[in-house]
Amino acid sequence: MSRAVDVVDLTKKFGDFTAVNSISLSVETGEIFGFLGANGAGKTTAIRMLCGLLLPTSGSGTVAGYDIYKENEKIKHSIGYMSQKFSLYPDLTGMENLTFYGSVYRIPRKQLKDRIDKVIETLSLADFIDRPSMALPVGWRQRLALGAAILHEPKILFLDEPTGGVDPVFRRRFWEMLYRLAEAGTTLFVTTHYMDEAEFCGRISIMHRGEIVELGNPKELIKKHGQPDLQETFISLISAEANNA
Amino acid sequence: MSDVIVEHIVKRYGDLTAVDDVSFSCDRGRIFALVGPDGAGKTSLFRSMCGLLDFAEGRVEIGGFDLVSNFTAVKDILGYMPQNFSLYPDLTVEENLRFYAGLFEINGKAFEEKREPLYAFSGLGSFRKRRAAKLSGGMKQKLALSCALIHDPKVLILDEPTTGVDPLSRRQFWQILRDLRDKGSCIIVSTPYMDEVELADSAAFMHRGRKLAEGTPKELTKLYDGAVYAVSVEPSYAMMERINALERISARRFGASVHVYTPSDMGEAELEGLLRQHDWQQAHIERISPELEDVFIQLMGD
């Protein structure tokens with residue numbers, strides 16, 4: 001089994017501007033990896049390259065075992081993506097949204113019912129699956145969005161600030177679901193500005209001005225930098241160039 | 001004296017009560033944080049307090065003036081920063097500031113005098129010719145704050161100014177708030193981040209329209225009833241299910257360890273026995289302090 005993510009010297013330039021500067025990282029299958037960084041550090045550009053949505057300027061690597069240049073279409077079908085902004089159809093019920101996403105991913109009709117049932121069970125969606133999505137509290141909507149993102153059983157799930165605005169009880173339940181997915185072998189690649197969530201990750205990387213400035217287990221990084229917690233560790237790593245927008 | 005007094009505010013949208021009998025006050029030279037998730041009613045409360053929404057019941061007093069009967073006086077002393085980015089993306093940093101100044105009839109030389117200290121604290125001076133759309137998230141928020149400060153308001157109401165902002169930018173933003181406070185401003189700020197409560201002088205938790213608790217950060221932490229333990233064990237979904245099926249304790253994963261929440265009448269020995277019964281033999285147990293989020297969750301009654 002190859003690594004979920006394995007990239008070397010990945011670089012993306014837009015004209016004179018280097019958005020991502022030679023980042024290298026590998027993520028094991030089933031790992032929960034936290035991808036942290038300041039606003040504007042280049043996280044989104046890096047994620048778009050990993051998802052096969054943007055070709056790198058240079059560097060090499062694979063995602064889900066597929067080459068990031070030649071096989072980006074295969075990458076798109078092997079990954080799931082959940083954005084912070086609710087991206088489902090507000091007028092459709094949860095069930096209608098899941099059915100719609102199932103057809104987008106071209107899941108055969110016979111399989112789709114089983115897949116949806118499984119997602120409903122895994123994420124405990126049963127109580128609100130028949131309600132219009134816009135009528136749901138934020139936490140439930142995020143669970144539904146997660147459901148749509150995992151319907152095609154992706155090997156790797158990219159989560160971009162999945163818990164923004166969610167209440168703390170939902171946040172805890174949501175993470176329990178993420179752990180469950182990881183246990184079942186899904187690789188999770190998570191961005192978050194909540195440092196407590198970063199501590200839930202097996203490993204994290206911290207990105208600043210296009211580069212990965214630190215990578216490792218959160219507890220070990222805190223110790224290594226002699227800081228009381230991850231928040232202070234993060235701030236100490238990127239504060240040297242504080243006022244550069 | 002209290003610069004902001006909010007008494008029994010009720011705001012309804014049809015059948016939905018968005019703000020349900022909320023009261024608090026904040027003195028000058030203090031920061032008051034309102035903490036709660038999306039949908040808690042924070043924005044409805046703030047809009048009511050700024051005279052942007054009519055409310056069904058209650059009263060608001062700002063700087064000694066009644067909001068409803070003396071709105072003109074309130075407007076001059078109140079600065080409001082809405083949650084959504086409200087600047088003009090196509091205008092530069094300076095053009096945005098000039099526009100907001102114009103709304104308060106601060107023009108020409110008066111504007112230039114106001115502008116410089118705002119550039120000094122925000123660090124925006126070297127970006128004065130940059131279009132607002134091209135600023136980073138943290139810088140946008142500093143510009144929005146600068147616009148809210150252009151008329152030297154005594155009272156500042158800031159609706160989630162740090163949501164989606166990275167930890168370093170959040171730290172810098174709060175440093176600015178604390179400097180303003182030390183110069184005598186009264187600051188009311190809402191946030192979804194529990195760690196920002198620690199930076200405020202006092203705070204209230206809000207959930208489903210209601211105020212759950214209010215106090216200094218220390219007072220809020222003390223509200224926790226029970227104990228929290230860090231248990232070093234490699235958790236699995238099945239283990240978590242077993243523990244969470246038990247009536248008196250609950251557990252939450254925390255990376256490679258687990259936090260277990262126990263009622264106040266359960267000692268460490270009893271907890272250890274319980275965990276052993278459920279195959280957590282290898283566990284090393286250490287009592288830890290509850291976090292503000294633990295308090296919030298307990299108060300939510302979930």
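Good morning. Residues are numbered from 1 along each chain as its sequence is written, and chains are lettered from A, and ligands numbered from 1, in the order in which they are written. Because the model is predicted, local features need pLDDT of at least 70 and side-chain atom pairs count only at pLDDT 80 or more, while totals for chains, interfaces and linings use all residues.

Let us begin with chain B. Its C-alpha trace spans about 75 × 45 × 35 Å along the principal axes. Chain B holds ten helices and 14 strands; these are DSSP runs numbered from the N terminus, helices being H or I of at least four residues and strands E of at least two. Of its 302 residues, 42% count as buried. A residue is buried if 20 or more other C-beta atoms, placed from the backbone, lie within 10 Å of its own, exposed if 12 or fewer, and partly exposed in between.

What is the order of the strands in the open sheet of six strands? In chain B it reads β6-β7-β8-β3-β9-β10, with mixed pairing. Two strands pair if DSSP finds at least two bridges between them. The edge strands, each pairing on one side only, are β6 (78–81) and β10 (210–215) of chain B. Strand β9 (residues 202–207) of chain B is joined to β10(B) by five bridges, and the two run antiparallel. Within β10(B), Gly215(B) is the bridge partner of Ala203(B).

Neighbours within four places in sequence aside, Leu143(B) is in contact with Leu87(B), Val93(B), Asn96(B), Leu124(B), Ala132(B) and Leu135(B). Two residues are in contact if their C-beta atoms, placed from the backbone, lie within 7 Å. In soluble globular proteins, nonpolar side chains tend to be buried together.

One residue of chain B deserves a remark on its backbone. Asp21(B), in strand β2 (residues 16–27) of chain B, has a positive phi of about 60 degrees although it is not a glycine. Asp21(B) is partly exposed, with 14 C-beta neighbours inside 10 Å.

In chain A, consider helix α3 (residues 94–104). Its buried residues are Gly94(A), Asn97(A), Leu98(A), Tyr101(A) and Gly102(A). Seen down the axis of α3(A), these fall within an arc of 140 degrees, so they line one face of the helix; the arc is that of the directions from the helix axis to the C-beta atoms. They pack against α4 (109–122) and α5 (138–150) of chain A. In the loop between α3 and α4 of chain A lies Arg106(A). Arg106(A) is not a glycine, yet has a positive phi of about 55 degrees. With 9 other C-beta atoms within 10 Å, Arg106(A) is exposed.
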